[in-house]
Amino acid sequence: MPILEAGPQHRPRAASLANSNLTVHQPETLPAAVRNDVRVAPPVAPVLQLALFLPLGIVAVAVIVYLLGVGFGPLDGFMGRWAVLVLEVGGAVACLSRAALVREERRAWTMIGIGVGLWAAGDAYYRTVLFDSEVPPVPSPADALWLLFYPFAYTGTALLIRARARDVRATVWIDGLIAALAVAAVAATVVFNVVLAGIGGTPLETATNLAYPLMDMLLLAFVVAAFAITGWRLDRTWIWLAVGLAIFAVTDSIYLYQVARGTYTPGGVLDAGWGAALLVMGLAAWRFGKEARQARRAETWRSIILPILFGVLAVGIETYDHFTRVTVLALGLTGACLLAVLGRLAITFAQNLRMLHVSREEAATDALTGLANRRQLAIDLDEVHSKPETEVCCLLILFDLNGFKLYNDTFGHPAGDALLTRLGARLQTRVEGQGTAYRMGGDEFCVLVPRDQAPEVVVPAIAAALCERGEAFYIDCSFGWAALPEEAHDAQAALRLVDQRMYAQKQDGRASASAQSKDVLLQALVERSPALGPHLTDVAELAEATARELGLTDLEREQVRVAGELHDIGKVAIPDAILDKPGPLDDSEWEYVKRHSAVGERIIAAAPALAEVAKLVRCIHERIDGTGYPDGLAGDEIPLGARLIAVCDAYAAMTNERPYRLTMDTSSAIAELRRNAGTQFDPEIVRAFCVACERKLDAVPLSLAAAGA
């Protein structure tokens, strides 16, 4: 390292390059990308940091001021000979104290601190023993200590990289290699050639002198590679370390170049570069400033543009060689850089192919079950329909699980997902080697298989795979199938057809379940109050006839009929004393009776197939004017079916015998309905009921006919 005093005897290190000394200091480093989960320990004792670095900062400023020509009087001798050594020793103390006081990355900073200390020891030997020598020996003990700095610095850097860059992608490492080779090639072209031309002396002297520029070249490469590995964004530790290494390498390279050209002047600002670099490395050990946690970033244009730019730099050196010959080392480095660029592009292309393959698989695969999804089914159906009918005969089968919603509500969504996964695996096993299983979404599955057997045999056998029974549940499925391609001309038509057939079968199953549930409830009510049987039948038949007059659909008519049969089911909760009381009810008894609508809804809703019927039963005693019960609904807020049954129930009640009043004839009952139309009853429904009553008078049950006689 250059001495600060002017004079031929003050040479940085023992090395003769055109009768001058060469020194290349290579601080290690290769800053690496910080892992997502690495949290370096916070700085220790700010007061201790201040006590350590404030004096060193003052010395550093004093050195710069001295080199700029400001005299220090009696301290000029110290400033010229020992001040820079103070900075170097301070850098070693900072690194080693960091290793002693902070556990994290202790081995790394110990190695770096030892390396900086060896450099300071070499400089101390030089200034003590060789400072006044006219021609220092080459190599000397100072050279040995200086060169020992590098292996320790490399080891410490490698440990830092290992701690902070464990999840760095392979492409990022290659980017760092490309950057390092390109920068090393430039350094070899600009500095090494000039240095090599000026070397003289024995083979041992030549080897010693060449070691420094080689180390400096690697140092520059490490600094650039560190930035590349970290995505060109560093945390505070790496910024300080990279700055120190960069100052070290640049100072040494400029020094070597000037010495080789004969333009070096001792005592300039350049002479402070080595001490400043080692001091900055000490600052890096203590991480001055806030340390940022870096998340792993996605690939951006910069991640591919920068390697290409370094590749262009290598091409430029190859081109330059055609006009001015460069060293074999520089050509080797540029060639290696270009090969690394090609490897980087090949890896990027392979990664893109893998991502494309994965994205295609994910786009055609159901994430939960691993089966093919609706998108893949559409592709497969298009392929089926693109072939002549003579070449392909397939069965498309759509399945919809029965009871899955109840299972999901009872056991929770995770259990529901697990059930879908099990059933999907079972379905895939059932058709494996014959066809393809798909999950359409929700609780719908689909299968496309060759039509080599009768559908009546194949479909139920496959449907059995989607059945599961447990202690408190039973899951089976409804299905619809279509023969392709003859029953549908395209994929959309095929899916529409199987959906219609599957829904029709599901409705048949629901109707059966509804009828069974209705019969059970109705029998329970009749057993409780046998006299209610004829009344319920009357209401149901009147309601169905009125619904037909209003133009309701088959499903709506069926729901109205069932609601008419079950509208008094809540009376099972009313005591016989109230239900059969011969006179008017008092207020408390009436309040008790008014509960039966809500009770009836709860009883009927226990059968999922009768959920819509339960809603109608709750609202039968609501009034158009909003004074009914249990919810005080008005007008169109009351379901149409409930408004309809209310009219039929009132008519049946008026024309049948009650314990507390006499029966009314048909005309009087209809007149009463019309009188209350618009207040208690829906006028439009009253009109439809009267028309239906006139048309169906002969078909009305005997009880009603007798009442109207």
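Predicted model: local features only at pLDDT ≥ 70, side-chain atom pairs only at ≥ 80, totals over all residues.
Trainee: How many salt bridges does a search of the whole structure find?
Mentor: Side chains of opposite charge can pair when their charged atoms come close. Counting such pairs over the whole structure gives a number of salt bridges, and that number is 22.

Trainee: Arg325 forms a salt bridge with Asp321. Is Asp321 buried or exposed?
Mentor: The closest N and O atoms of Arg325 and Asp321 are 3.1 Å apart. Arg325 is exposed, with a relative accessible area of 59%. For Asp321 the relative accessible area is 6%. Buried means under 20%, so Asp321 is buried.

Trainee: Which helices hold Glu544 and Arg561?
Mentor: Glu544 and Arg561 form a salt bridge, with 2.7 Å between the closest N and O atoms. This pair links distant parts of the chain, 17 residues apart, with Glu544 in helix 17 and Arg561 in helix 18.

Trainee: Which parts does the salt bridge of Arg618 and Glu601 tie together?
Mentor: The side chains of Arg618 and Glu601 meet at 2.9 Å, N to O. Arg618 lies in residues 611-619 and Glu601 in residues 596-605, so the pair ties together helix 22 and helix 21.

Trainee: What is helix 13 to helix 14, oblique or roughly parallel?
Mentor: Two packed helices are described by the angle between their axes and the distance between the axes. Helix 13 and helix 14 pack at an angle of about 135°, with their axes 7 Å apart. That angle makes helix 13 oblique to helix 14.

Trainee: How many nonpolar residues does the contact of helix 13 with helix 14 have?
Mentor: By class, the contact has three polar residues, one charged residue and, for the nonpolar class, six.

Trainee: How many residues of strand 3 are buried?
Mentor: Strand 3 runs antiparallel to strand 1, joined by seven bridges. Strand 2 also pairs with strand 3 in the antiparallel sense, over five bridges. Strand 3 is mostly covered, and of its seven residues the buried ones number six.

Trainee: Which residue takes a positive phi in the hairpin of strand 2 and strand 3?
Mentor: Gly441 stands opposite Glu444 in strand 3. The hairpin has two residues between the strands, and the one with a positive phi near 60° is Gly442.

Definitions and conventions: Residues numbered from 1 in each chain as written. Heavy atoms only, no water. Salt bridge = Lys/Arg side-chain N within 4 Å of Asp/Glu carboxyl O. Buried < 20%, exposed > 50% of the residue type's maximum accessible area, 1.4 Å probe, protein only. Helix = DSSP H or I, 4+ residues; strand = E, 2+ residues; numbered from the N terminus. Axes fitted to C-alpha atoms, helices over the stretch in contact; angles between N-to-C directions. Parallel < 35°, antiparallel > 145°, perpendicular 65-115°, else oblique. Nonpolar A, V, L, I, M, F, W, Y, C, P; charged D, E, K, R; others polar. Pairing = 2+ DSSP bridges.
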